[in-house]
Amino acid sequence: MLIARVIGELVATQKHASHEGRKLLLVQPLNLDGSDRGDAVIALDAVDAGVGDRVLLVTEGFSAMTAVGRPQSPIDMAVIGFIDQIDLLPGAD
Amino acid sequence: MYLGRVVGCVWATVKHPAMVGQRMLVIQPLTPELQSTGKHLVCLDATGAGTGEIIYYVRGKEASFPFLPAEPPADATVVGIVDSVHLKRPPKAAGGRNPVHKKARKC
């Protein structure tokens, strides 16, 4: 799982049926210091996250499909939780 | 899933039997600001996307799921056509990334 921040939403009318009824979020993975980690990705929303939230992102198919409740569907990323706080050892970031 | 733009089509006469009849598209990955990023790749098409359109695609084993019960040996598939992107962060400072390329030819 990755730490990430929701930075936007997508609107798509024509899409796979398994994606209907769920928000499509633009999510930016983050490093521990809060800086961007690679490019943003698109994830289905399993927890009703919104723009600006710091979230947990799964990037593997089985866990993403299970989180969204759509087995055997083309989903490889999902937002599965909000992060309230991260405790680190001093200097870990 | 990842954001991209359709920049072309691939035709292959001889291919895996499970891929017969499937369209193959050349995709340029995009950033949320719709700037090109990374290298092109070839995706199967599950939505009917056309050249020039902004799409999102899925990678990995999940790429073959839209075609069940057939199981084409695909590792990337276009699963949605993007109407609009609502981005709520300040755009990154120009970091040497190229602007979006010119619209591709019809194919």
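Predicted model: local features only at pLDDT ≥ 70, side-chain atom pairs only at ≥ 80, totals over all residues.
Let me start with chain A. Its secondary structure comes to one helix and six strands, and from the N terminus on the order of the elements is β-β-β-β-β-α-β. Of the 93 residues of chain A, 42% count as buried. Among its contacts between residues at least 6 apart in sequence, 54% join residues at least 24 apart. Taken along the principal axes, the C-alpha atoms of chain A fill a box of roughly 45 × 25 × 20 Å. How does the radius of gyration of chain A stand against that of a compact globule, and what are the two values? A compact globule with 93 residues would have a radius of gyration near 12 Å, and chain A has 14 Å, which agrees.

Of the 107 residues of chain B, 33% count as buried. Within chain B, residues 24 or more positions apart account for 61% of the contacts with a separation of 6 or more.

I turn now to strand E5 of chain B, residues 76-81. Is this strand enclosed by the rest of the structure or open? Five of the six residues of E5(B) are buried, so the strand is largely enclosed by the rest of the structure. Its pairings can be listed one by one. E4(B) and E5(B) run antiparallel and are joined by five bridges; in this pairing Tyr57(B) stands opposite Val78(B). Strand E3 of chain B, residues 41-45, pairs with E5(B) in the parallel sense over two bridges, and here Leu44(B) stands opposite Thr77(B). A further partner comes from the other chain: strand E2 of chain A, residues 14-15, pairs with E5(B) in the antiparallel sense over two bridges. At that place Gln14(A) stands opposite Ile81(B).

That brings us to the contact between the chains. The contact takes 30 residues from chain B and 25 residues from chain A. On the side of chain B that touches chain A, the elements that give two or more residues are strands E1 (2-10), E4 (54-59), E5 (76-81) and E6 (84-87). The residues of that side divide into 16 nonpolar, eight polar and six charged. Strand E6 of chain B also pairs across the contact: strand E1 of chain A, residues 2-11, and E6(B) are antiparallel over four bridges. In this pairing, the bridge partner of Gly8(A) is Leu87(B).

Next, the nonpolar core. In soluble globular proteins, nonpolar side chains tend to be buried together. In this model the largest nonpolar core has 51 residues. Which residues have the most contacts inside it? They are Val27(A), Ile42(A), Ala43(A), Ala78(A), Tyr56(B) and Tyr57(B). The element that gives the most to this core is E4(B), with five residues. Leaving aside its neighbours within four places in sequence, Ala43(A) is in contact with Leu25(A), Val27(A), Leu57(A), Met77(A), Ala78(A), Val79(A) and, from chain B, Met1(B).

I close with several loop residues. In chain A, Gln72(A) lies in the loop between helix H1 (61-68) and strand E6 (78-82). Although Gln72(A) is not a glycine, it has a positive phi of about 55°. Why does Gln72(A) count as exposed? It has 12 other C-beta atoms within 10 Å, and a residue with 12 or fewer is called exposed.

In chain B, Leu34(B) is placed in the loop between E2 and E3. Its phi is near 70°, again a positive value in a residue other than glycine. Leu34(B) is partly exposed, because 15 other C-beta atoms lie within 10 Å. Val20(B) is in the loop between E1 and strand E2 (24-29) of chain B, and this residue is exposed, with 11 other C-beta atoms within 10 Å. Val20(B) and Gly50(B) are 30 residues apart in sequence, and their C-alpha atoms are 19 Å apart in space.

Note on methods
Residues numbered from 1 in each chain as written. Chains lettered and ligands numbered in written order. Contact = placed C-beta atoms within 7 Å. Nonpolar A, V, L, I, M, F, W, Y, C, P; charged D, E, K, R; others polar. Pairing = 2+ DSSP bridges. Core = buried A, V, L, I, M, F, W, Y, C linked by C-beta atoms within 7 Å. Buried ≥ 20, exposed ≤ 12 C-beta atoms within 10 Å, placed from the backbone. Rg over C-alpha atoms; globule rule 2.2 N^0.38 Å.
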